[in-house]
Amino acid sequence: MSQKGSLVKGISAEMQDMILATLIFDEDMYDATKDVISEPFFYGEDYKILFRALKQFHISNKAKPTLKDMMIQVSLIISNQADLIKSKALLKQLYNDYVEEYGAKEDTVKRSYFEEFVKRNGAEYCFSTIVEDSKTDDGIDWGKVIPKFKKYTDFTIVNSTPYNMGSIDELKTVREDALGGLDCTRKIQWFLPELNNLMNHKALIPGTLTMVSAAPGTSKTLFLVNQAIQATKDGFVSLHIFLGDLNKYDADMRYLANYSQKKLGDILGMTLEEQQQLQKDLNNVGDTKDALSKCWLHPLPSGIYNVQQLCNEILSMQLKYDVHFDQIIIDYDSNIKPNSDSMYDSAGEIYNYLREFGIKNKSVMIVASQPKIMFYTQEVLTLDAASESSMKQHIIDTMVTMGRPGRVTAPISILYVAKNRNGIGNKQIPLFIDGSKQTIKVISRDEYDRIKIDCANNEE
């Protein structure tokens with residue numbers, strides 16, 4: 001079945017050119033996608049002919065074709081001289097583009113484009129199949145359709161090679177891949193120095209997954225706001241996804257209170273012009289210069305996106321806005337649509353997918369999570385506090401929790417490092433929470449206990 005009409009939504013003519021040129025002249029990308037990309041993915045008879053010729057060449061020769069090889073193969077397929085001239089002209093154009101631009105693209109960029117091409121065209125292909133099947137007397141066999149969809153929507157390109165410690169020169173590549181250049185430019189520090197001191201790298205590194213677990217009303221979103229702001233001040237691009245909790249305006253105002261260190265109530269009382277001027281001033285001067293431009297907020301409805309759709313949304317944003325998210329915060333996990341009826345199985349699948357996405361996208365991943373209800377009033381939330389699935393504790397690299405002081409209403413919390421694969425765990429850090437300025441700071445244990453006692457006495 002061939003697609004009719006224009007290119008699939010989100011796939012540009014330039015992307016189609018890059019995909020086909022790379023398939024023809026890059027054997028690794030052809031091998032990585034040969035089982036999922038098919039002729040119907042391409043729009044335009046000339047593109048379909050070149051792809052058909054490429055497939056036939058690989059079947060016959062088990063080798064990468066040269067430009068002349070493809071010219072010969074196309075001639076074997078096309079008998080009409082006018083069509084042959086047209087197809088050869090397209091082939092030359094693709095070859096020149098590959099030599100001048102496509103071949104030099106970073107592997108991560110190529111993989112991102114290929115995965116997007118497969119996901120979008122694969123979904124379109126499945127939908128067109130459903131439409132055709134619906135016209136038959138047998139109807140649609142959903143048991144067969146769903147696995148086909150997942151074949152495309154879950155598609156990723158995995159490039160893995162072993163590392164031999166005797167290859168001394170390769171250590172430079174391995175280090176830079178994990179941390180950035182020699183100055184470790186990809187490491188993202190916590191906003192709390194006390195947390196950084198517990199990390200082997202004194203920061204979070206790309207490809208790691210951190211869970212922040214706290215009961216409702218324990219300021220876990222505020223904690224994440226502080227972390228995002230620290231990252232943007234340090235020059236990183238941060239994306240904070242709110243699943244069902246906040247709209248764009250409310251999220252913006254919370255961030256603005258922290259950036260400006262003004263009271264949230266005062267900012268909400270400002271006119272639109274005053275709020276705009278405040279954001280403009282913050283983004284142009286001081287330690288917040290350009291920070292707001294690196295801060296992305298994306299509220300989404302709760303329970304609508306499964307983990308694959310959520311990550312595809314992130315990839316689409318990166319492509320659309322030509323940006324890379326160094327840090328991605330998902331707030332929070334229970335509002336991601338499960339892929340199965342079993343919350344235990346789905347939670348493990350969600351966290352596995354997010355961790356793999358972080359590795360592939362070279363992003364620090366941070367996910368908010370609620371603990372089991374029995375831990376809601378606990379002051380120290382241990383590793384077994386994570387709700388829904390013990391699989392989550394095994395998958396994550398780091399787990400930090402925030403506990404409230406019993407049933408006392410007080411602006412304090414115990415931050416507990418319940419797991420730290422890349423550092424020291426089982427550490428408690430007392431916190432003071434300033435909701436008015438959306439700020440969290442570390443305090444001494446003595447001050448923490450004093451505040452707790454004062455608040456308890458005031459409630460009597």
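Two strands count as paired if DSSP finds at least two bridges between them. Helices (H or I, at least four residues) and strands (E, at least two) are DSSP runs, numbered from the N terminus. With that in hand, welcome to this predicted model, where local features need pLDDT of at least 70, side-chain atom pairs count only at pLDDT 80 or more, and totals for chains, interfaces and linings use all residues. Residues are numbered from 1 along each chain as its sequence is written, and side-chain values use heavy atoms, with hydrogens and water left out.

**The chain as a whole**
- The chain contains 17 helices and nine strands.
- Of its 460 residues, 47% are buried (buried means under 20% relative accessible area, exposed over 50%, and partly exposed in between, with a 1.4 Å probe and protein chains only).
- Among the contacts in the chain with a separation of 6 or more, 68% come from residues 24 or more positions apart (contact means heavy atoms within 4.5 Å).

**The sheet**
- Nine strands make an open sheet with mixed pairing, in the order β3-β2-β4-β5-β1-β6-β7-β8-β9.
- At its edges are β3 (295–300) and β9 (439–442), each of which pairs on one side only.
- On average, neighbouring strands of this sheet are turned by 20° against each other, direction ignored (axes are lines fitted to C-alpha atoms, for helices over the stretch in contact, and angles run from 0 to 180 degrees between N-to-C directions).
- Strand β1 (residues 209–214) runs parallel to β6 (residues 398–403), joined by five bridges, and Ala-214 stands opposite Met-402 in β6.
- Helix α10 (residues 220–233) packs on the sheet, and its direction makes about 165° with that of β4 (327–331).
- Helix α14 (residues 307–321) packs on the sheet too, touching β2, β3 and β4, with its direction at about 140° to that of β2.

**Two hairpins**
- β7 and β8 pair in the antiparallel sense over six bridges, with Leu-431 in β8 as the bridge partner of Ser-413.
- Six residues lie between β7 and β8 in their hairpin, and Asn-426 in the turn has a positive phi of about 60°.
- β8 and β9 run antiparallel, joined by four bridges, and Asp-434 stands opposite Thr-439 in β9.
- The hairpin of β8 and β9 has four residues between the strands, and Gln-438 there takes a positive phi near 55°.

**A pair of helices**
- Helix α1 (residues 13–25) packs against helix α5 (residues 81–100) at an angle of about 85°, with their axes 9 Å apart.
- α1 and α5 are therefore roughly perpendicular to each other (angles under 35 degrees count as roughly parallel, over 145 as roughly antiparallel, 65 to 115 as roughly perpendicular and the rest as oblique).
- Residues of α1 including Leu-20, Ile-24 and Phe-25 meet residues of α5 including Leu-91, Leu-94 and Tyr-98.

**Two residues to look up**
- Asp-397 is found in the loop between α16 (390–395) and β6, and counts as buried because its relative accessibility is 2%.
- The side chains of Asp-397 and Arg-355 are joined by a polar contact of 2.8 Å (a pair of N or O atoms within 3.5 Å; within protein, one must be able to donate a hydrogen and the other to accept it, and residues adjacent in sequence count only if both atoms are side-chain atoms).
- Gly-265 lies in helix α12 (residues 264–268), and counts as exposed because its relative accessibility is 51%.
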